4 protein chains.
Amino acid sequence: MKLEQHQITSHNERLFSRHQQQLAYVTTEIQNSALILQKLTDFQIGIPSWALGTGGTRFGRFSLGGEPGNIEEKLEDIGLLHQLNASSAAVSLHIPWDSTSNVPAIKAIASQYGLNFDAMNSNTFQDQPDQPQSYKFGSLQHVDKAVRQQAIAHNIEVIRQGVELGSKALTIWLADGSCFPGQLNFRKAFQNTLESLQEIYAALPADWKVFVEYKAFEPNFYSTTVGDWGQSLLYANKLGPKAFTLVDLGHHLPNANIEQIVSLLLMEGKLGGFHFNDSKYGDDDLTAGCMKPYQLFLIFNELVEGMDQRGMNHTKDLAWMIDASHNVKDPLEDLLQSVEAIMIAYAQALSVDRAALVQAQAENDVVRCQEILQHAFRTDVRPLVAEARLRAGAALSPLTLYRESQVRKELIRNRGNKTIATGL
Amino acid sequence: MKLEQHQITSHNERLFSRHQQQLAYVTTEIQNSALILQKLTDFQIGIPSWALGTGGTRFGRFSLGGEPGNIEEKLEDIGLLHQLNASSAAVSLHIPWDSTSNVPAIKAIASQYGLNFDAMNSNTFQDQPDQPQSYKFGSLQHVDKAVRQQAIAHNIEVIRQGVELGSKALTIWLADGSCFPGQLNFRKAFQNTLESLQEIYAALPADWKVFVEYKAFEPNFYSTTVGDWGQSLLYANKLGPKAFTLVDLGHHLPNANIEQIVSLLLMEGKLGGFHFNDSKYGDDDLTAGCMKPYQLFLIFNELVEGMDQRGMNHTKDLAWMIDASHNVKDPLEDLLQSVEAIMIAYAQALSVDRAALVQAQAENDVVRCQEILQHAFRTDVRPLVAEARLRAGAALSPLTLYRESQVRKELIRNRGNKTIATGL
Amino acid sequence: MKLEQHQITSHNERLFSRHQQQLAYVTTEIQNSALILQKLTDFQIGIPSWALGTGGTRFGRFSLGGEPGNIEEKLEDIGLLHQLNASSAAVSLHIPWDSTSNVPAIKAIASQYGLNFDAMNSNTFQDQPDQPQSYKFGSLQHVDKAVRQQAIAHNIEVIRQGVELGSKALTIWLADGSCFPGQLNFRKAFQNTLESLQEIYAALPADWKVFVEYKAFEPNFYSTTVGDWGQSLLYANKLGPKAFTLVDLGHHLPNANIEQIVSLLLMEGKLGGFHFNDSKYGDDDLTAGCMKPYQLFLIFNELVEGMDQRGMNHTKDLAWMIDASHNVKDPLEDLLQSVEAIMIAYAQALSVDRAALVQAQAENDVVRCQEILQHAFRTDVRPLVAEARLRAGAALSPLTLYRESQVRKELIRNRGNKTIATGL
Amino acid sequence: MKLEQHQITSHNERLFSRHQQQLAYVTTEIQNSALILQKLTDFQIGIPSWALGTGGTRFGRFSLGGEPGNIEEKLEDIGLLHQLNASSAAVSLHIPWDSTSNVPAIKAIASQYGLNFDAMNSNTFQDQPDQPQSYKFGSLQHVDKAVRQQAIAHNIEVIRQGVELGSKALTIWLADGSCFPGQLNFRKAFQNTLESLQEIYAALPADWKVFVEYKAFEPNFYSTTVGDWGQSLLYANKLGPKAFTLVDLGHHLPNANIEQIVSLLLMEGKLGGFHFNDSKYGDDDLTAGCMKPYQLFLIFNELVEGMDQRGMNHTKDLAWMIDASHNVKDPLEDLLQSVEAIMIAYAQALSVDRAALVQAQAENDVVRCQEILQHAFRTDVRPLVAEARLRAGAALSPLTLYRESQVRKELIRNRGNKTIATGL
């Protein structure tokens, strides 16, 4: 489903007058609003193909209806999101869920929606039908070389498909680990995994990156073989310059200071990308910014500071992706909320008075440091985010327009009530 | 599959001599070993019908083969466990997974294996096909009375089936809660749940109990409507004398002191039963005693002390059940390990020198308190647990005999490789 | 030290024009701003006498200088805070640190600063010189009746002092618990504590309340005898209508949902008061709102909703107090930041569109529920908080004026560099 | 205080007969008991000088009496421990608490007790009287070079003192970090710390090591500049071959898998040493093995396996130290319990059937892996630990003999009731 341009236009006209007042106010409050607007326009967030259907837990799944049943429909949904917010110009595919035999057609569809292909994701945490070897006891870590080879070959196949589509990166999230003390020799598991990764690394094209994602627990409940940023960094350093760490906000132990991790990975030149979501207990995969919006801001504060210090390009030098799973919300509405929360946090981080912060830090003026950050966080930057959308031809209020346009109703009519998105 | 008596006999004969030596030693080390042996023989642990198949996570499931496909086969599997360890004389059913139209036949099968029916479990966390109302937004807490009524009626139906089978208790685990701040009015959710529970309570036969299970998180990731022991106790007190709290070891926030909770619930006369398992991160549902065996002992230490103080019958006055989910183990082997760990912890707790402990506590002799508990824990009571089995006609080493008898191979031959147990 | 009125006036005049613009904007954004202003003016937060000096950890303390050395100087400091923000009209004393033999003089000083006496705090977690019994193994829980009696008598003495000063409540925070498994019989510890509390309760004047504060851990590291809200509620219910639970934000296990606890305690009519602070790991006692400002808002959201539903008076029916400890900030600046953060969260909660939220909840419109809450949170209400101060004759920017007036320099000159506040 | 040899002899004679029976049994149960006995005899654990007095929390300290008041008395106490258990032949000093001007005398005393000097500890987390710069805002990380230089100079002075005493290592535990978001630039803090460490590293003698200890939180409650093993390893790698990571069991986030960390650090050749203690919530500094004895065993299981694989010497190649703080126990009794728990865990780990474990792991026989580990853990090895002591001329039951000899009473008589140990 695609919106007509006049729908967006008429929506924006209705909200324009009030928006203008709000924008006028915020631009008096924030000094560098012009720069922020430019950066917001450039900033694009990858949408994961698996987040377009209703997510579930091991206890069940409650489908919504109208979910995309194939890659074409997934691109259609992301295209719609991008029409609405002009900030979702990339799609992150999951293989084999999104495998296609007709690459040119898929590329044409993506191009039509203005989408490109962000990092490709491999899957060695589930057994596919007719797969000779099982991943029950791991994949790249497995004690049996035949299993490792199968998993390596799958990753290389994902690279191959990614090359055809124009992607430039591979994300490897390994569920590998153990559920019980004694099950694994940690060192051998690490070495097996490293050797497997080296084979995959060798198959990377010159202009590709590989992201080694870490996760503290789940689905393994004793150890995970890429369990924290320290382990991921070990792998990335041993692999070489094309290997990087990927941070998923929900993949940490309780109370971890994620923004410090981000800062140190930037320092080491090894931060590769992000999976945004929010959580309270574990990998809850909730909407970005729904639970700890201040933490999201603090992370962006480190990202902006660290990338600027290293002369990195905010838009191109890191892979920005959402990784969420939507149990009780319309997935498309949830993605609109996630993107909005990310853009707000980014805008707030851009508005931080850096010079003042540097000075307050140099003077150990802790009170002032807090005042500077909280001022940036408490200032309402939503009109800036809306204005960036407006300038890019998208909707002032994407969620409002989505609902006014009765998108879900239309999708259900087109795709039926019982369709189930491939994926989790 | 059922073992022949001679298989058990010949197994025991082979291990007997060594067992005798070990038993002789431990009975010189432990003063009240005769009493412990008697109590171990009496102690029976309920096996959940859903633990007989391979468990899974939201990321996948790796089936083992030979899994039971119906209630008759589940009873067969538990019968085999009980033959092996003489400690698994009860089954805990889950409705609708284990619904049956032929109660007399099921009772006959259970009776043949020496099994009775422990607490019945209702299911309002998943939608069944053709169910008019959805539990997507909760069941007993739901804002819509029609959904609540459907969930109430289901629980009453579970009681009805339980009465026919000879069960005496209903366990209600509610997944109800919310995933996002603002989603629920906590107070209304509590009140709706309370009123729903009151209707169910009203349907309880005079000699029945209802167990209100609590859980901190999952599948809801912001709030749970029966989220901790404090909430469960509030419900149980408001419901009346037949309502109790049920403790599942994996349902707490990090670092919770579960043994203190157990002690206080006993003090209040409101501890109803247990779901045994072990975990490191959340509701990991791992084998009992695999991760924190000392904690399991400390819990039994409180149980034994508290029940004795209240004059409770160890065997009959609480419902002892396992609730685990087995991803990488043969489910039957896992259950044998869980039962063994529970019996060991129980035996250790029974061996604690209570008089000395009471005195050391009265003198604030903290060092001695620790010595007394750790002495009981470090003394190897496994020969006592084995002897209790031997006296009851079961195997000295259930796991060894299970493997020698190639049970899984036989089950796969009988039931096939692809069967999937009903349940999680 | 006291500010001259002209200092405040001239400060406000300097900021007035910009403030007017901001206020004008926010009053167009928020519908009920007049009501919010009134409620902000009425809202007063108790300042703990022990937060006026530099806090420390077990690893050390870094004094700032100019700290108050006696109760008179503490009242002077709080008087200054109240001059600055018109929101700190109460002091919460700690006995014996703040014991005084000259009650009329103290009352006169307090009255001069416009301060009244919030809940009194007893101290049975430290041994005072020449105290006959030691609290090493607990106080109200102690196995030795003589120790319990000493602790009971101390609490009754605190009530006596409070009555003279005009306080109306006693806060009991018990450090009692155990550091090692086996050290305590949990049930006896509970019963001893309950009986001790009953004796204290019996000594309460008719118009007094007692607050039973809970804490998960520290300084005891195995169990705490009033360890969570469930235990506190048990005590409060057994004690009677004058007993209530007090919530300190830092006293929970990781990931606890505090706002749900608040809601349920209000439902039960047993929420008595609050200790505000913020934390990442444990009882970190950081500035309110510095770490999780959204959580603080969510808590106030439950407070406002729950108190309104019960017809409670926001200002009088709960005891609002700060409990923080300032290692690296000027304590007075830190308290200004804490009060500001609390007022902001309160204002945000007052601005929530309740009718819309109720409707969205009734429709399970989770997306809209989130939008409503986050809109209230993201709207910048700081001008309202400033305006409330202005109307009450205080400073538009208390922190700015505090620094401009060089208060700390003056305090150091008056009180010296090495003074150490009584307390932690 | 020193025991007479006849006291030990007569104690052992009284327990000998029962010990012989227990030993005979365990040597039939465990195949490699002779080897284990040898290794237990060789194994020595460093006693921290600061653990000999009663520890405290920020809420208070309850002294026991008879505490050592200077380094001579501390050596005397450790000498007594070593007499009792023959496993405490090393002392770990803390400077400036243990600074001495008379090195030859101190060395003579140590030699007389059979003690040598384990890693030296520096202290840059507290301000000493007359110290020009303050560590309020950090030491090696400080924004001000003068503060960093003072901290560097202190560490070099500690090395100097250690060289005189015959120590071979420096442990640097940095409290450096921040309490509030924004306070620090994480990257600059890291770089400052690294440069400071490099200056200290340059001052290390050729045969010295430096241990970089990490800690997740406390006394800083937002970030710590050496916060986890990943950060410590970064420093150690950047410093060079003499730099290693030191693991303190209480310095992790909730639920961390410490044994995996240990295994990976060994793999990287960067594990330097250990601080043993136990905890439930944070850095609780409780007696080793009092809370999670199975975790302690699992850690030793990795240590033994990993060191053997690398051909490391169990006794010499890692620094084994206790770091605990004793609130409610006699410190000397507590240390006896800690050493006992460590020796038990070590003996259990040595008894693991490695060949069988390797095979079970190779076959993904998870059930058997667990059986192998739990068998080693559940077998009662205490008679082996006692026998190792007996052979070394120490006491069969150190704690019993300590109490029989009324050591504490004697210490109080000699040193008085009010003495306070230097240190925490």
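**How chain A meets its copies**

Biologist: How many salt bridges are counted between chain A and chain D?

Modeller: The count between these two chains is 4 salt bridges. This is a predicted model, in which local features need pLDDT of at least 70 and side-chain atom pairs count only at pLDDT 80 or more, while totals for chains, interfaces and linings use all residues. Residues are numbered from 1 along each chain as its sequence is written, chains are lettered from A and ligands numbered from 1 in the order in which they are written, and side-chain values use heavy atoms, with hydrogens and water left out.

Biologist: Why is the pair Lys238(D) and Glu268(A) called a salt bridge?

Modeller: The term asks for a side-chain nitrogen of Lys or Arg within 4 Å of a carboxyl oxygen of Asp or Glu. The closest N and O atoms of Lys238(D) and Glu268(A) are 2.9 Å apart, so the pair meets that rule.

Biologist: What makes a residue of chain A count as being in contact with chain D, and how many do?

Modeller: Contact means heavy atoms within 4.5 Å, and by that test 51 residues of chain A are in contact with 51 residues of chain D. By class, the side of chain A that touches chain D has 24 nonpolar, 19 polar and 8 charged residues, where Ala, Val, Leu, Ile, Met, Phe, Trp, Tyr, Cys and Pro count as nonpolar, Asp, Glu, Lys and Arg as charged, and the others, Gly among them, as polar.

Biologist: What area do chain A and chain D bury between them?

Modeller: Buried area is the accessible area (1.4 Å probe) that two parts lose on being put together, summed over both, and here it comes to about 4400 Å², 59% of it on carbon and sulfur atoms. Phe186(A), Arg187(A) and Asn364(A) supply 15% of the area that chain A buries against chain D, more than any other three residues.

Biologist: How do you know how chain A and chain D are related?

Modeller: The copies are superposed by least squares on the C-alpha atoms of residues with pLDDT of at least 70 in both. Chain A is laid on chain D with an RMSD of 0.0 Å by a turn of 180 degrees and a shift of 0.0 Å along the axis. The two copies are therefore related as by a two-fold rotation axis. In chain A, the C-alpha nearest that axis belongs to Gly230(A), 2.1 Å from it.
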